[in-house]
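Trainee: Could we go through this model together, one question at a time?
Mentor: Gladly; here it is.

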Amino acid sequence: MDGDGWQDLVVAGDFNTSRLFWNNRDGTFTDGTDQANVGTDENGMGSAVGDYDGDGDLDWFVTSIHDEKDSCADTLCSWGGSGNRLYRNEGGRTFSDQTDAAGVRNGGWGWGASFFDYDNDGDLDLFVVNNAGQPLLYRNDLDSTASWLAVDLVGTLSNRNGIGAKIFVDLDLTVTGDELVREIDGGSNFLGQSAFTAHFGLGELDSPIDLIEIRWPGGNVQQLYNVAANQRLTVREVPEPATVILLVTAVLILQLLSRLNDSLATLAGNARKPAIRYALTNKWIEQQELV
């Protein structure tokens, strides 16, 4: 959340318990909720993180109950009804409340939430699942000239959607601290799932991206240089040379074993002996007896 390359932790919690924890880089975290001006939502349910304004910083949206009648004022119920929160990242580990400016406060009894670019215009829109009604789709109409990049991964050796992959975008290799990171995951939202597309807000970038590095969950690393901004990029996993050599070697061994098996069968004549079959399974050669 602060762009230092270490994953921080945001928690949407009921009864005024939403929290933001900063990573101390030593296996511990520090509660920075109050200092960051977040956690004002009263009944945090769903949570979505994304750069909705395209400035390069990750923002945070939390769903919460909206009750125009303020039903709890005259009853013993223990929840508030002030609605959702949209926290805009202002840098320096601080956020500002842009809920009303963005028009996303009233989400009913909002639950799961997800940022995604449904109209493919380069900015992130917002989808909210509602407990007591139809889901809500907020289209992002922010008048922004910010550049952007969307990356879709296609795994070949890794899983199909690239879940677990990390994507590093280095805008300028001569500048320190401008690297952006996204991780493809299955989502950790209450009754929601994140999109598999990695979206990057690039601010006022007016030149190609120097480097995109993809670290696949299976260990492969791919690098793309001089990539144009303002596009949706699909990257297919390409095995590293060592992996290709391993697979080719395994196939050759498989062929040799098959020929050896044929030769042994010929020498044995018509004697009924168990034949041996070799199968390439997950990079290993499996020996099976045929009955």
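Trainee: Is Y118 buried, partly exposed or exposed?
Mentor: First, a word on the ground rules: this is a predicted model, with residues numbered from 1 along each chain as its sequence is written, and local features need pLDDT of at least 70. Side-chain atom pairs count only at pLDDT 80 or more, totals for chains, interfaces and linings use all residues, and side-chain values use heavy atoms, with hydrogens and water left out. Buried means under 20% relative accessible area, exposed over 50%, and partly exposed in between, using a 1.4 Å probe and protein chains only. Y118 has a relative accessible area of 36%, so Y118 is partly exposed.

Trainee: How many aromatic pairs does a search of the whole structure find?
Mentor: Rings of Phe, Tyr and Trp (its six-membered ring) pair if their centres lie within 6.5 Å; planes under 30 degrees apart count as stacked, over 60 as edge-to-face and the rest as tilted. With that rule, the number of aromatic pairs found is 2.

Trainee: Why is the pair of W60 and Y87 called tilted?
Mentor: The ring centres of W60 and Y87 are 5.5 Å apart. Their planes meet at 45 degrees, so the pair is tilted.

Trainee: Which strands hold W60 and Y87?
Mentor: Strands are DSSP runs (E, at least two residues), numbered from the N terminus. The pair ties together parts that are 27 residues apart in sequence, because W60 lies in strand β5 and Y87 in strand β6.

Trainee: Where is S64 found, and which backbone nitrogen lies 2.9 Å from a polar atom of its side chain?
Mentor: S64 is in the loop between β5 (59-62) and β6 (85-91). S64 is buried, because its relative accessible area is 0%. The backbone nitrogen 2.9 Å from a polar atom of the S64 side chain belongs to N43.

Trainee: Which residue sits with its charged end over the ring of F168?
Mentor: A charge sits over a ring if NZ of Lys or CZ of Arg is within 6 Å of the ring centre and within 35 degrees of the ring normal. Here the charged end lies 4.0 Å from the centre of the F168 ring, and the residue is R215.

Trainee: Which residues form the covered face of strand β13?
Mentor: In a regular strand the side chains alternate between the two faces of the sheet. In β13 (residues 179-183), E179, V181 and E183 make up the uncovered face. The covered face is L180 and R182.

How values were computed: Helices (H or I, at least four residues) and strands (E, at least two) are DSSP runs, numbered from the N terminus. A polar contact is a pair of N or O atoms within 3.5 Å; within protein, one must be able to donate a hydrogen and the other to accept it, and residues adjacent in sequence count only if both atoms are side-chain atoms.
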